[in-house]
Amino acid sequence: MAESTLLAPNPETPPAPARPKWYRRPWIVPLFVIVGLFVAARLPAYLTFDTGDSLVQLQDAFPETHYLMLSGHILFGSIAIITCSMQVWPWLRRHHPKVHRVSGRVYVFAGVLPSGLFALAVSIVSVIGPDGKIGNVLLTLLWFGTTAAGLVAARRRRFQEHRRWMIRSFALCTSIVVNRVWFAVIMVALLPFQDSYYGGDMDQLIEDSAVASIWMSWVVNLMIAQWWLDRKPKRHSRSRQTAAA
């Protein structure tokens, strides 16, 4: 009996499940396409040094200064949104950790920091009302805060904590893209009230849509990110319980 047991082949260890290839991530390609199109549509208007090319209304008192601040915000913001998209790419993080680390530093120091400082200045001098200014300033401060928390966690080698903070930072960074979607949706929703509630004042309807889209873009993005972070560990927990059973 002992001899037959020794001669019996060992049961094969089941192979580890293969991780999906980078191109099989259903969201990574659309993410880079959307980010690339957004940058291509916005950035050129702020590289001409012509105030007439600005896509937002400038302050009448100092249009050149306002335009230059917008140009700085958009230029460094483009760096931020591209490198931020690289940060949340699991394949890049797993197979090219050095590129992940370098792009992370670029995101923080050549993206978030300068773009956020310009964003604070632009928010204060913006022609939009105080409710819109407050929304933009809060967005910028939260962007600074989540990114700084992610950086500190990484330096302390608390990588799970780092990942959670950077997902929040990503949600705030990409809110600028979602802002345009919210603006279009809110405009369509408010148009039936142009003659009644707004008395035909299209400018006021546009301003209300812009203010609402400022708040909706980053608040909803942050809520979705937090929901995803809270939901994912529960899903992993259920998988472990099923495997153990």
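Contact here means heavy atoms within 4.5 Å of each other. The model is predicted, so local features are taken only at pLDDT of at least 70 and side-chain atom pairs only at pLDDT 80 or more, whereas totals for chains, interfaces and linings use all residues. Residues are numbered from 1 along each chain as its sequence is written, and side-chain values use heavy atoms, without hydrogens and water.

Select Thr140 to begin, which lies in helix α6 (residues 130-155); helices are DSSP runs of H or I with at least four residues, numbered from the N terminus. Leaving aside neighbours within four places in sequence, Thr140 is in contact with Gly116, Ala119 and Leu120. At 4% relative accessibility Thr140 counts as buried, a term for under 20% relative accessible area with a 1.4 Å probe and protein chains only. The side chain of Thr140 reaches the backbone oxygen of Asn136 at 2.9 Å.

Next, select helix α7 (residues 159-173), whose 15 residues reach 20 Å from the first C-alpha to the last, close to the 21 Å expected at 1.5 Å a residue, where the expected span is 1.5 Å times one less than the number of residues. Among the buried residues of α7 are His162, Met166, Phe170 and Cys173.

Finally, select helices α2 (residues 28-42) and α8 (residues 175-190), which pack at an angle of about 80° with axes 11 Å apart, the axes being lines fitted to C-alpha atoms over the stretch in contact and the angles running from 0 to 180 degrees between N-to-C directions. The two helices, α2 and α8, are therefore roughly perpendicular, a class that covers 65 to 115 degrees. Ile34, Phe38 and Arg42 in α2 meet Ile176, Val177 and Arg180 in α8.

Notes. Parallel < 35°, antiparallel > 145°, perpendicular 65-115°, else oblique. Buried < 20%, exposed > 50% of the residue type's maximum accessible area, 1.4 Å probe, protein only. Polar contact = N/O pair within 3.5 Å; in protein donor to acceptor, adjacent residues only side chain to side chain.
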